[in-house]
Amino acid sequence: MRRALEAAATARTRTAPNPWVGAVVVTTDGRVFTGATEPPGQRHAERVALDAAREAGADLTGATVYSTLEPCSHHGRTPPCAEALVAAGVGRVVSAVGDPDPKVAGRGHELLRAAGIRVDQGVLAAEAAEQLAAYLHHRRTGRPYVVLKLAATLDGRTAAADGTSQWITGPEARAEVHRLRAESGAVVVGAGTVRADDPSLTVRHVVGPDPRRVVLGTAPAGAKVHPCTEWRGSLPDLLDHLGADGVLQVLVEGGAKVAASFHRARLVDRYVIHLAPALMGGDDGSAMLSGLGAGTIGDLWRGHIASIRRLGPDLEIQLVPQEHP
């Protein structure tokens, strides 16, 4: 299963709105074949691994297949993977997590068991659920997984008093932001950020697709963010709209006002905070979140630290709400 997770990671930016899945076939004589989901309309991970085994002349009878997600059981742009596994004559399928998509939701496993194939679920489930967090959230809620990115000095300032903010963090942290863009179906900023910084919000420092660009308000004519979606409705309605369009993950890169709006509405699923080894040295710069904070210590918003790592000279902290797994 560990190898299947590694394979899935290679497909992260090319499969949406489908899940990025990895699969490993182990034949009865110990031969190993790996697959990862291809772009939409092409093969899913299980079929890629099965085809690799066939091309090598391997006997699939009684083989064990490890997949990071329950095999699909419905006809979409490709035939069901569960049927392909039955036709191949495998003896056992091990899934890390079940697929909450209403079109699957246990039916893939049921189809396999009905064919006499042993099915096990839960191997490295936490790791797979973390890797597939955006997809699983979308299928359960209909909304994209919201990632809020913040970059600040150690004393919590995102810009100097004159509004300048480029660059607080180093090139490694900025490259990581581009990776997050490549993994996201849409990136959201406020009109104020567009007017102040004129960002393009494209993917440049890593290889990957550009996200759909969404501006809360009106983007000035000639701004680099064009073409973009200009949104004037509520944030919950925006997430419903993007979710219906198949956007699995949204990256929020707005300023303190936009960040605070998503935070206070409890719409953020993961906070990615990049801290530079620098101090603004006063309280006249911009804070990470604008507006009034907790009035008393008992009203603090508290989360769970999911990870901490170094990005060159900077520190990345990933934070999730306490109610999230």
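Modeller: Contact here means heavy atoms within 4.5 Å. By that rule, and leaving aside residues up to four places away in sequence, E83 touches H75 and L111. This is a predicted model, in which local features need pLDDT of at least 70 and side-chain atom pairs count only at pLDDT 80 or more, while totals for chains, interfaces and linings use all residues. Residues are numbered from 1 along each chain as its sequence is written, and side-chain values use heavy atoms, with hydrogens and water left out.

Biologist: Where does E83 lie, and how do you know that?

Modeller: E83 lies in helix α3. Helices (H or I, at least four residues) and strands (E, at least two) are DSSP runs, numbered from the N terminus.

Biologist: What makes α2 and α3 a pair, and how are they oriented to each other?

Modeller: The axes of α2 (residues 45-55) and α3 (residues 81-88) come within 9 Å and cross at roughly 25°. Axes are lines fitted to C-alpha atoms, for helices over the stretch in contact, and angles run from 0 to 180 degrees between N-to-C directions. Under 35 degrees counts as roughly parallel, over 145 as roughly antiparallel, 65 to 115 as roughly perpendicular and the rest as oblique. The two helices are therefore roughly parallel.

Biologist: Which residues make that contact?

Modeller: From α2 they are E46, R47, L50 and R54, and from α3 they are C81, A84, L85 and A88. They divide into five nonpolar, no polar and three charged. Ala, Val, Leu, Ile, Met, Phe, Trp, Tyr, Cys and Pro count as nonpolar, Asp, Glu, Lys and Arg as charged, and the others, Gly among them, as polar.

Biologist: Why is T202 called buried?

Modeller: Its relative accessible area is 16%, so T202 falls under the cut-off for buried. T202 lies in the loop between α8 (191-197) and β9. It touches H178, R181, D210 and R213, not counting residues up to four places away in sequence.

Biologist: What makes the pairing of T202 with S200 a polar contact?

Modeller: The side chains of T202 and S200 are joined at 3.2 Å. A polar contact is a pair of N or O atoms within 3.5 Å; within protein, one must be able to donate a hydrogen and the other to accept it, and residues adjacent in sequence count only if both atoms are side-chain atoms. The side chains of T202 and R204 also make a polar contact, of 2.9 Å.

Biologist: Is E38 buried or exposed?

Modeller: E38 has 17% relative accessibility, so it counts as buried. E38 lies in the loop between β2 (32-36) and α2. Its side chain makes a polar contact of 2.7 Å with the side chain of R43. Beyond four places in sequence, E38 touches R14, T15, R43 and V48.

Biologist: What makes helix α6 mostly covered?

Modeller: Seven of the nine residues of α6 (residues 133-141) are buried: A133, A134, Y135, L136, H137, H138 and R139. What covers them includes β3 (64-69), α5 (125-131), β6 (145-153), α9 (235-244) and β11 (249-252). Just after α6, G142 takes a positive phi of about 80°.

Biologist: Which residue other than glycine has a positive phi of about 45°, and how accessible is it?

Modeller: That is A105, in the loop between β4 (92-97) and α4 (107-114). At 45% relative accessibility, A105 counts as partly exposed. R266 is not a glycine either, and its phi is near 55°. R266 is in the loop between α10 (256-264) and β12 (270-276).

Biologist: Why point such values out?

Modeller: Because most residues other than glycine have a negative phi, and most peptide bonds are trans.

Biologist: What kind of peptide bond joins A16 and P17?

Modeller: A cis bond, with omega about 10°. P17 is in the loop between α1 (2-9) and β1 (22-26). Another cis bond joins H226 and P227, with omega about 0°; P227 is in the loop between β9 (212-216) and β10 (229-231).

Biologist: Is R302 buried or exposed?

Modeller: R302 counts as exposed, because its relative accessibility is 52%. R302 lies in the loop between β13 (286-287) and β14 (303-311).

Technical notes
Buried < 20%, exposed > 50% of the residue type's maximum accessible area, 1.4 Å probe, protein only.
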